[in-house]
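Open the model in your viewer and keep the sequence beside it. We will go from the whole chain to single residues.

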Amino acid sequence: MFDTKIAVVLRNNLAGWQKLNVTAFLMTGIAGRHPEIIGEAYRDRAGNLYNPLSIQPIIVLSADEATISAVLRRALERDITSSLFIEEMFATGHDAANRAVFAEFAPEDAKVVGIALRAEKKIVDKITKGATMQHLSLDQNSL
């Protein structure tokens, strides 16, 4: 149905709350770069209006540190603009601080905890090779 694919790859050693937080942040980058993926607003039977959502499914994958670094490298080699979240961003509290700490690193030394991209299906599959389906356990202790 879609010629493109949206994938989020998370580092496999994150806490549950971190996985959710990183996924949310990364998807805002995808939606900002590709506003055409946002559909129409939702309205329930009572007439209440809700925000529009993505018209396209999103796959969430998991990878170890080496694989997620390879995913970033492959995305850069193919000139695919991605959303990226690095470990140091957990310690900041706002966008300007995130961008400041992000600018301190290059791809080869960034501690990537999450990357999201949207491109042609075959390209996304090649870039995310080695990542596996994310299984998220949300017990009370992981939040």
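The tour below starts with the overall view and then walks across the sheet.

**Before you click.** This is a predicted model, in which local features need pLDDT of at least 70, side-chain atom pairs count only at pLDDT 80 or more, and totals for chains, interfaces and linings use all residues. Residues are numbered from 1 along each chain as its sequence is written, and side-chain values use heavy atoms, with hydrogens and water left out.

**Stop 1: the whole chain.** Show the protein chain as a cartoon. It has 4 helices and 7 strands. Here helices (H or I, at least four residues) and strands (E, at least two) are DSSP runs, numbered from the N terminus. The C-alpha atoms fill a box of roughly 50 × 35 × 30 Å along the principal axes.

Now colour by burial. Of the 143 residues, 36% count as buried. Buried means under 20% relative accessible area, exposed over 50%, and partly exposed in between (1.4 Å probe, protein chains only).

**Stop 2: the sheet.** Which order do the strands of the open sheet take? Select its 5 strands and read across: β5-β6-β1-β4-β7, with mixed pairing. β5 and β7 stand at the edges with a single partner strand each, so one side of each has no neighbour in the sheet. Two strands pair if DSSP finds at least two bridges between them. Strands of a sheet pair through backbone hydrogen bonds, either parallel or antiparallel.

Stop 3: Select residues 83–86, strand β5. Ser 83 and Phe 85 point one way, Leu 84 and Ile 86 the other, and all are buried. In a regular strand the side chains alternate between the two faces of the sheet. Find Ile 86: its bridge partner in β6 is Val 112.

Stop 4: Move on to β1, which pairs with β6 in the antiparallel sense over 7 bridges. Ile 6 stands opposite Arg 118 in β6. Then select residues 4–11 (β1) with residues 58–63 (β4): they run parallel, with 6 bridges. Leu 10 is opposite Ser 62 in β4. Finish at residues 132–133, strand β7, which runs antiparallel to β4 with 2 bridges. Leu 61 has Met 133 as its bridge partner in β7.

**Stop 5: Ser 62.** Zoom in on Ser 62 in strand β4. Is this residue buried or exposed? Ser 62 counts as buried, at 12% relative accessibility. Beyond four places in sequence, its contacts (heavy atoms within 4.5 Å) include Val 9, Leu 10, Thr 132 and Met 133.

**Stop 6: Val 124.** Select helix α4, residues 121–127, and find Val 124 there. Val 124 is buried, with a relative accessible area of 1%. Leaving aside neighbours within four places in sequence, Val 124 is in contact with Lys 5, Ala 7, Leu 117, Arg 118 and Ala 119. Draw a C-alpha to C-alpha distance from Val 124 to Ala 7: 7.3 Å, although the two are 117 residues apart in sequence.
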